[in-house]
Amino acid sequence: MSLSVKLFGGFAAVVLLTAACIGIGKLSISQVESAATIVDDAGYLQTQLLESRRSEKDFMLRGDTKYVERVHEKGAALDQRLADLDGRVSGADRDLVGKIGQAGQAYRDGFDHWVSLHAEQTATGKTMVDQARLMIAEAEAIRDYAEANLEQLVGRDDVDPALIEDNLAFERAAREFV
């Protein structure tokens, strides 16, 4: 073999090795970028979930419906990112993304149910307070009636003392009720 053939063969081998190194490097960088993107997505998911939980607690403390809307907004952002992530992963990672999505939906369904129970509790509490006020007003009216009736009976000589005792007992019961 001549020297030029050997040099050309050596040069071709170096070019092929360089191309192989470049290919392997690009593949490795692609895998690292993919892993970094998944880590970034996982961090984003965690942040959205924590913000959703914060809004949930704010609603529990303050009762303001803007926090319910925030929980739904964070849930929609979570679902969107999970859908994007689902297209980029495969196998066990895809199953995990599906489980996270199901758990997120179950959380939002539970939160919505709690919100409806809270609204029902608030309405029931208002009804109870209104009925208690009505009951107190009626009891006060009965007491006023009993006092007026007693005043009329006390000054008269022709009234049976048992009737006065009954009216006193009625007035006492009305006073204790109120």
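Here are a few questions and answers about this predicted model.

The model is predicted, so local features need pLDDT of at least 70 and side-chain atom pairs pLDDT 80 or more, while totals for chains, interfaces and linings use all residues. Residues are numbered from 1 along each chain as its sequence is written, and side-chain values use heavy atoms, with hydrogens and water left out.

Reader: Is serine 55 buried or exposed?
Author: Serine 55 sits in helix α1, residues 3–62 (helices are DSSP runs of H or I, at least four residues, numbered from the N terminus). Buried means under 20% relative accessible area, exposed over 50% and partly exposed in between, with a 1.4 Å probe and protein chains only. Serine 55 comes in at 6%, so the call is buried.

Reader: Which residues is serine 55 in contact with, leaving aside neighbours within four places in sequence?
Author: Contact means heavy atoms within 4.5 Å. By that rule, serine 55 touches Tyr67, Arg70 and Val71.

Reader: What does glycine 87 count as, buried or exposed?
Author: Glycine 87 lies in the loop between α2 (66–86) and α3 (92–154). Its relative accessibility is 60%, so glycine 87 counts as exposed.

Reader: And how far is glycine 87 from lysine 74 in space, C-alpha to C-alpha?
Author: The two are 13 residues apart in sequence. In space, C-alpha to C-alpha, glycine 87 and lysine 74 are separated by 20 Å.

Conventions: Helix = DSSP H or I, 4+ residues; strand = E, 2+ residues; numbered from the N terminus.
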